[in-house]
Amino acid sequence: MSFEQLIYDCRNNDRKAQEQLYKLLSQKLYAVCLKYSRNYAEAEDNLQDGFILLFNKIDQYHFKGSFEGWAKRLMINNILQKYRNQGVYELVNDNIIDNNPTVDFDDEDVSLDYLISIIHELPDRYRLVFNLYVMDDYSHKEIAEMLNITIGTSKSNLARARMILKEKIESQQHNRQAVPSIQ
């Protein structure tokens, strides 16, 4: 069965086709949900909610661009809508202290697991902007439209997220250097 036929079958509420599409895309879309969720449980909930939405809106996919890209954007927008409804987007001062703080570290000293964990610890509004801008290459204009904030607020939230991450990485490196080695 072709991927196109699978989508048509899903449009006709074919449960086996929906199950097959879920199996094909769930891992990739779970990774997307994990980036935008506070924890694993919330990511799982967002994935399930997102797939329900996907199956309800699958007729809106018109075979222009990749289906996976369409599904990813649908998942992200669904999660962002939940955050909008929860009011996590506080307005902050648009003044930017340091737009692009740099972090000097040896990437061998910072594990991927640690980076992921400190990104998840960011306040929601900072984590969302950071992921949209850094991980998914959205522009500040696009982020501002998606989150219903100003471009300046998007830039400010990104700068603050970077500053928090920089401080945590530098603190971890400092703590490692302060631990005496046992000989």
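## Exercises on a predicted helical chain

At 66% relative accessibility, Asn148 counts as exposed, a label given to residues over 50% relative accessible area, while buried means under 20% and partly exposed lies in between (1.4 Å probe, protein chains only). Welcome to the exercises! The model is predicted, so local features need pLDDT of at least 70 and side-chain atom pairs count only at pLDDT 80 or more, while totals for chains, interfaces and linings use all residues. Residues are numbered from 1 along each chain as its sequence is written, and side-chain values use heavy atoms, with hydrogens and water left out.

### Exercise 1: the overall plan

Find out how many helices and strands the chain has.

Solution. Start with the rule: helices (H or I, at least four residues) and strands (E, at least two) are DSSP runs, numbered from the N terminus. Counting this way gives eight helices and zero strands. Read from the N terminus on, the order of elements is α-α-α-α-α-α-α-α. Next, look at burial: of the 183 residues in the chain, 39% are buried. Finally, turn to contacts, meaning heavy atoms within 4.5 Å. Among contacts with a separation of 6 or more, 72% come from residues 24 or more positions apart.

### Exercise 2: the buried side of H1

Which residues of helix H1 are buried, and what covers them?

Solution. Helix H1 spans residues 3-11, and its buried residues are Leu6, Ile7, Asp9 and Cys10. They lie on the same side of H1, because the arc they cover around the axis is only 160°, taken from the directions from the helix axis to the C-beta atoms. As for the cover, it includes helix H2 (15-36), helix H3 (40-57) and helix H4 (67-86).

### Exercise 3: a cluster of rings

Which residues do ring pairs link into a cluster?

Solution. First, the rule: rings of Phe, Tyr and Trp (its six-membered ring) pair if their centres lie within 6.5 Å; planes under 30 degrees apart count as stacked, over 60 as edge-to-face and the rest as tilted. The count by this rule is eight aromatic pairs. One of them joins Tyr61 and Trp70: their ring centres are 5.6 Å apart and their planes at 50°, so this pair is tilted. The cluster contains Phe3, Tyr8, Tyr61, Phe63, Phe67 and Trp70. Tyr61 counts as buried, because its relative accessibility is 5%.

### Exercise 4: H6 against H7

At what angle do helices H6 and H7 pack, and which residues meet?

Solution. Two packed helices are described by the angle between their axes and the distance between the axes. Axes are lines fitted to C-alpha atoms, for helices over the stretch in contact, and angles run from 0 to 180 degrees between N-to-C directions. For H6 (residues 124-135) and H7 (residues 140-147), the angle is about 140° and the axes are 10 Å apart. From H6, Val129, Leu132 and Tyr133 meet His140, Ile143, Met146 and Leu147 of H7.

Now take one of these residues, Ile143 in H7. At 0% relative accessibility, Ile143 counts as buried. Beyond residues up to four places away in sequence, Ile143 touches Val129, Leu132, Tyr133, Tyr138, Asn148, Ile149 and Ser154. Its C-alpha atom is 7.0 Å from that of Leu132, which is 11 residues away along the chain.

### Exercise 5: Phe130

Is Phe130 buried or exposed, and what does it contact?

Solution. Phe130 is in helix H6. Its relative accessibility is 8%, so Phe130 counts as buried. Leaving aside neighbours within four places in sequence, Phe130 is in contact with Ile119, Leu122, Met135, Leu158, Ala161, Arg162 and Leu165. Between Phe130 and Ala159, 29 residues apart along the chain, the C-alpha atoms are separated by 8.7 Å.
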